[in-house]
Amino acid sequence: MTRNLISVSKLDDAGVEIVFEKDTCKMVQGALVLMQGVQIGTLYQLQGSIVIDGCNNYVVPESGAKNLVVFGEKTMLWHQRLGHIGEKGLRILRICCQIQGTSNSTLDFDLCENCVYGKKNRVSFPSGSKRAKLILELVHNDVFGPMKVPSLGKSVYYVSFIDDFSRNTWIYFIKKKFEAFDKFKEFKALVENQIEKKIKVLRTDNGGVLQQGI
């Protein structure tokens with residue numbers, strides 16, 4: 001960089017999103033984190049290192065295509081050079097910058113131990129838009145098995161019931177899948193008598209075990 005200050009308005013005009021959180025700032029464009037800085041006093045200092053007597057591998061061909069970047073090395077090397085960027089980010093970079101030197105269908109992207117040990121975050125699953133507001137308003141059900149090691153009672157399956165509001169969990173061990181419906185009736189009688197409320201919705205994974213019993 002030739003300047004020691006960066007214009008936030010210029011970045012905004014270029015479609016870069018500035019995110020400030022917990023004394024840090026990130027400059028994000030799509031799935032790429034371009035830069036990251038930490039707050040020092042009233043300014044944010046970019047994290048990085050100064051390169052002396054070095055150069056970047058940026059090649060512009062004589063054909064005049066200014067956005068054409070040639071990546072002659074393997075993808076893993078560029079993964080490390082670009083701050084351990086993810087595979088999705090590399091694919092976006094290849095499309096928007098018309099990168100040459102890698103296959104159009106696959107990326108030579110090996111397992112990066114540094115990312116694993118650094119516990120690099122993945123994109124989180126979106127949270128549910130609606131949660132139950134009362135006990136037994138919504139109950140989740142699942143049947144798991146068969147397990148390789150049977151229980152002390154020789155059961156190789158178990159059926160679980162989870163109340164969405166309280167997150168209380170009931171687990172019943174069964175020897176055969178068809179016993180899941182009997183355990184549901186046992187669970188239903190137990191909780192409805194204790195709480196004096198009725199189960200409104202039972203949500204399953206469409207496995208068909210309880211549906212067959214009903």
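How much space lies in the second largest pocket?

**Before starting**

The model is predicted, and local features are given for pLDDT of at least 70, side-chain atom pairs for pLDDT 80 or more, while totals for chains, interfaces and linings use all residues. Residues are numbered from 1 along each chain as its sequence is written, and side-chain values use heavy atoms, with hydrogens and water left out.

**Stop 1: the whole chain**

Display the protein as a cartoon. Its secondary structure comes to six helices and eight strands; helices (H or I, at least four residues) and strands (E, at least two) are DSSP runs, numbered from the N terminus. Along the sequence the pattern reads α-β-β-β-β-α-α-α-β-β-β-α-β-α. Of the 214 residues, 24% count as buried; buried means under 20% relative accessible area, exposed over 50%, and partly exposed in between (1.4 Å probe, protein chains only).

**Stop 2**

Next, select strand 3 (residues 32-40), which pairs with strand 4 in the antiparallel sense over four bridges. Gly37 stands opposite Leu46 in strand 4.

Then select Lys22, in the loop between strand 1 and strand 2 (24-29). Its phi is near 50 degrees, a positive value in a residue other than glycine. Lys22 is exposed, with a relative accessible area of 79%.

**Stop 3: the second largest pocket**

Rolling a probe the size of a water molecule over the atoms shows where empty space is left. The second largest pocket holds about 190 Å³ of space. Of the ten residues that line this pocket, the closest to its centre are Lys130, Arg131, Ala132, Leu138 and Arg203. On a 1 Å grid over the protein atoms alone, a pocket is an open set of points where a 1.4 Å probe fits, with protein on both sides within 12 Å along at least five of seven lines, and lining residues have an atom within 4 Å of a point. Grid points are joined across faces, edges and corners, and a volume is the space filled by probe spheres set on the points.

Colour the lining by residue class: three residues are nonpolar, two are polar and five are charged. Here Ala, Val, Leu, Ile, Met, Phe, Trp, Tyr, Cys and Pro count as nonpolar, Asp, Glu, Lys and Arg as charged, and the others, Gly among them, as polar.

**Stop 4: salt bridges**

Side chains of opposite charge can pair when their charged atoms come close. There are six salt bridges, each a side-chain nitrogen of Lys or Arg within 4 Å of a carboxyl oxygen of Asp or Glu.

Arg131 counts as partly exposed at 48% relative accessibility, whereas Asp164 counts as buried at 5%.

Move to helix 5 (residues 180-195), where Lys188 and Glu192 lie four residues apart, about one turn of the helix. Their side chains meet in a salt bridge (3.1 Å, N to O). Lys188 is partly exposed at 31% relative accessibility, and Glu192 is buried at 10%. Glu192 also forms a salt bridge with Lys198, with the closest N and O atoms 3.6 Å apart. Lys198 is exposed, with a relative accessible area of 60%. Elsewhere, salt bridges that share partners join Arg131, Asp164 and Arg167 into one network.

**Stop 5: two backbone details**

Select Glu196, in the loop between helix 5 and strand 8 (202-203). Glu196 has a positive phi of about 60 degrees although it is not a glycine, and it is exposed, with a relative accessible area of 71%.

Finish at Pro146, in the loop between strand 5 and strand 6. The peptide bond from Gly145 to Pro146 is cis, with omega near 0 degrees.

Technical notes
Pairing = 2+ DSSP bridges.
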